[in-house]
Amino acid sequence: MERNFKEIEERLAKGWEDAGIFEADPIKGKPKTFITFPFPYMNGPLHIGHALTSTRCDVYARFKRMQGYNVLFPWAWHLTGEPISGAALRVKKGDREQIKIFKEMDGVPDEELEKFTDPEYIASYYIKESKQSIKQLGHSIDWRREFHTTELHPQFNKFIQWQYLTLKEKGYVKKGTHPVIWCPNCLSPTGDHDRLKGEGATPVEFTLLKFKFEDAYLPAATLRPETIFGVVNMWLNPDVDYVKLKVGSEKWIVSRQAAEKIKEQKEDVAEIETVMGKEMIGRYCTHPISKEDILILPAAFVDPDNSSGVVMSVPSHAPYDFVALKDIQKDPESVKKYNITKEMLDSIKPISLIEIDAFGEHPAIEISDRMKIKDQNDPRLEEATEIIYRAEFYKGILKENTGKYAGMKVMEVKKMLVADFEKIGVADRMYEVSEEVICRCNTRNIVKILKNQWFLKYSDEEWKDRVREALNDMIILPHDARSNFEYTIGWLDDKACARKGGLGTPLPWDREWKVETLSDSTVYMAFYTISKFVNEYKIKAENLTKEVFDFVFLGIGDISKIAENNNLDEELLKEMKAEFDYFMPVDFRNSAKELIPNHLTFYIFHHVALFKKDKWPRIIGVNGMISIEGDKMSKSKGNFVTLKNALSKYGADTTRATLLYSSEGMKDPDWRFKSAMDISKRLDAFYDLALQIIEMDGEPGTGSARDESDANQPKPPAAFSLKRQIDRWILGRLQGHIKKVTDDYENVRTRSAFQTAFFDIFKDVRWYMRRDVPQKEILNHVLDVWVRLLAPCIPFLAEDIFSKMGGNGFLSVSRWPEADESLLNEEAETGERLIEKTAEDIDSILKVTKIKPKKIVIYTSPIWKWQVLEIVRGLEKPDMKRVMERAMKNDELKSKGKEISRYVTDLLKNITKIESRKRIDEYMVLSEAVGFFSREFGCEVEIFPAGKRDIFDPLNKKNQAAPMKPAIYVE
């Protein structure tokens, strides 16, 4: 029956908290594990994406705690940046969409919503709600260390100011000029977490190649400046307003949207006049290198909001250009109104400039023909472009018609070519966002060249080398995520670290700027180690000066003077430093893979900049991005599940198990309501089975399944009676499960761990109870180990069952089981597999024949077939000739040549199905299980060795018997 586990969850959550079992303080000589989850942003409730990532942290915390580690898993809240203040402003303005999200998605009641014009109230509301959800979810948090960012927590502000003063002293923060993604409304750079849309977007540099047009230039924007040697026409959008600009001493013609961007990226820019796109079509501009006339053609695909709105055409190497040109050439009437003749169009011929082995002279034409692309509206053009671009970039060589660049690799020429072209005045550059970016204030963002802005010097190669050193010493889980970090370190450039709007810590040396969202979330883990003192002793912000932090975190300064200067107790300072030295570094930090290009990599950068090598991070775990019913989670689309709602509907253990079982590694998990219901039913069945075992006749509870010398340690299995194969089997299987689950938890393979710890052991226990009358003492032991293996994933049910078994104290802090290798028993495993397979085969026969059996006879394999099977297994590439040669060298097999030949033919046909099993005495194994077969099928069962003469065999079935595949006769 389905159960409501809410009472269990509430009782145990309170019991854990009251007992303080998750509060961690330094213990001399005891190994520690420090685990952190990126503090969640409090502009809304926690959702199941937060739950997935943080539960992986909690699983690891619970596992390491049971292994005997002193585990610190703290929690904090992130408020920095624009999102909260932006949301409050939108509520104040009566923004219907924002109010709808708060009411319908987040479940904020009307009486609370009235107060949501205050960003501080929004933050406090969601912190309170989210903290309750995290407790309900069962996270093993040390809440004494809780804090939040920004002006609302001035002590943390002082920590961030220490961080940035120290970075500045070391030369990692500088004032400079760089392209940034910019909000024209907030008048600030927009960090990833300050965006409604476009998280992860970056400024992309376009080369502008200047084609002379009358008294101005048409600056064609491109990511492939080397293709200038293949330009045969120009594309402009005839329906777009272009603007003639004064840019320094030159005049440029660009789209109106581009003009606004250029004003933010260039100095001395002024608008001269509007030029209609259609007025330039059919006229000529001048190629900057060859000085040839280039015809301007119309193209509706030219997006005025993408870079300059001017596109050069290279049909030999750009599928879009080839197909668009072909469309116009096939229909010259379409451009007749621009005074463009058929002869003008026919004179345009593609120019090849890149040589590549995979394609002929004109790669774009070849790929378009190969893919049978119809016209410029064909969606496959994107794929064709990607294929050509990648092939030419990585393997292309420039041809003779590129002059001094001939023979150079495409991937190496860009920097040199652009520098050369800039020197002679035919090239410039502008920046565009890599994808659309919308600020939290609902404003579309652009790229701005920002002067006198504070930047983190991520381009510093010496800093990068130290980051690479740290990465080499770290464990990255899953291992294939390492290359993502390496790639990010390689391309990462200087990044704006401050903004003027929103909440945040003022830069200590330039207080009009505030440290932005991704820049105050890199080393706050160190603050966890001292935040319990800040909270307990109510240390004031003014007492937390730079020299205090220098002493605690870097060991710099005279403790007596520091204590006196800052009105702090000397012993308190010693404790704070001892706490930092004990718990740092962070042993495990887990987040979603989308944070590798920013937060997780910044996290490494800042640690190596600020701390000694022994305080650098040890393990980083990453997981995929969650979707709901196959679609990306989105508040605006209504495809959103809050943690609060998931807990209300399914409870904690079902929510945890569904998330943990939904994916592994960097694969994107998919939350499906049916999966949650299925997991819920299986947890019900598990709980019923556990109660059934506890209430069975025999020794009560776990009194007999515990080592009397340690009430929290399972009784050594060797103490049990193991005369029966089924008992040896269940205990052997259990040791294998312990080994595998331990390794899976160690590597944060939560799906694999839950598969084994829950489903595989469940199946084994059911088989053990079905096969024969179970030993109560062994079942007690198995259940005791089982709940320990499940405790990290489903802590509430595991803890409750442990209590009902008579466990002392809390399972959450009990001993992790260790595998007893001496109990691993391949022979017993093979024997039980034989019994199970034989029962399945009998069942299949009965279903097909619909016979109600009076008698079942089972014939085991003759020894000679096992011998032949072992010959086949021993050969790397077995074939008839080699198998027969080996067999005929065996005196016992020589007389059975014809039979062996027939058997080998069958074996080789089914070579992929052969199980790698140790040879066993099938007759003995099946004879011991006669009682099982009789109960299962309700009739007399006899077992005969196939090699024995004069046995009951009316249909000559015994000759069909093979290793692990007995022959069966049903009467």
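This is a predicted model: local features need pLDDT of at least 70, side-chain atom pairs count only at pLDDT 80 or more; totals for chains, interfaces and linings use all residues.
Lysine 197 and glutamate 436 form a salt bridge through their side chains, at 2.6 Å from N to O. Lysine 197 belongs to strand β5 (residues 195–197), whereas glutamate 436 sits in the loop between β17 (427–433) and β18 (438–439), so this pair ties together parts that are 239 residues apart in sequence.

The chain has 971 residues, of which 57% count as buried. It contains 34 helices and 32 strands, and its C-alpha trace spans about 110 × 85 × 55 Å along the principal axes.

Let me return to the charged pairs. The count of salt bridges comes to 82. How exposed is glutamate 169, by relative accessible area? Its value is 58%, and therefore glutamate 169 counts as exposed, the cut-off being over 50%. Lysine 546, at 22%, is partly exposed.

A further salt bridge is formed by the side chains of lysine 894 and aspartate 891, at 3.6 Å from N to O. Lysine 894 is partly exposed at 47% relative accessibility, while aspartate 891 is exposed at 63%. Salt bridges may also share partners: Glu23, Asp25, Asp142, Arg144, Arg145, Lys532 and Glu579 are joined in this way into one network.

I turn now to a sheet. Three strands make up an open sheet in the order β22-β24-β23, with antiparallel pairing. Its edge strands, each pairing on one side only, are β22 (498–499) and β23 (506–507). Between β23 and the antiparallel strand β24 (residues 510–515) there are two bridges. Proline 506 has lysine 514 of β24 as its bridge partner.

Finally, the surface. Which residues form a negative surface patch? They are Glu536, Asp558, Asp569, Glu570 and Glu575. Of these, aspartate 569 lies in the loop between α19 (559–565) and α20 (570–583). Its relative accessibility is 47%, and aspartate 569 is therefore partly exposed, as the value falls between the cut-offs of 20% and 50%.

Terms used
Residues are numbered from 1 along each chain as its sequence is written. Side-chain values use heavy atoms; hydrogens and water are left out. Patches are made of residues with over 30% relative accessible area and no salt bridge: like charges are joined within 9 Å, nonpolar side chains (Val, Leu, Ile, Met, Phe, Trp, Tyr) within 5 Å. Accessible areas come from the Shrake-Rupley method with a 1.4 Å probe; for residues, only the protein chains shown count as cover. A salt bridge is a side-chain nitrogen of Lys or Arg within 4 Å of a carboxyl oxygen of Asp or Glu. Lys and Arg count as positive and Asp and Glu as negative; His and the chain ends are not counted. The place of a charge is taken as NZ of Lys, CZ of Arg, CG of Asp or CD of Glu. Helices (H or I, at least four residues) and strands (E, at least two) are DSSP runs, numbered from the N terminus. Buried means under 20% relative accessible area, exposed over 50%, partly exposed in between (1.4 Å probe, protein chains only). Two strands pair if DSSP finds at least two bridges between them.
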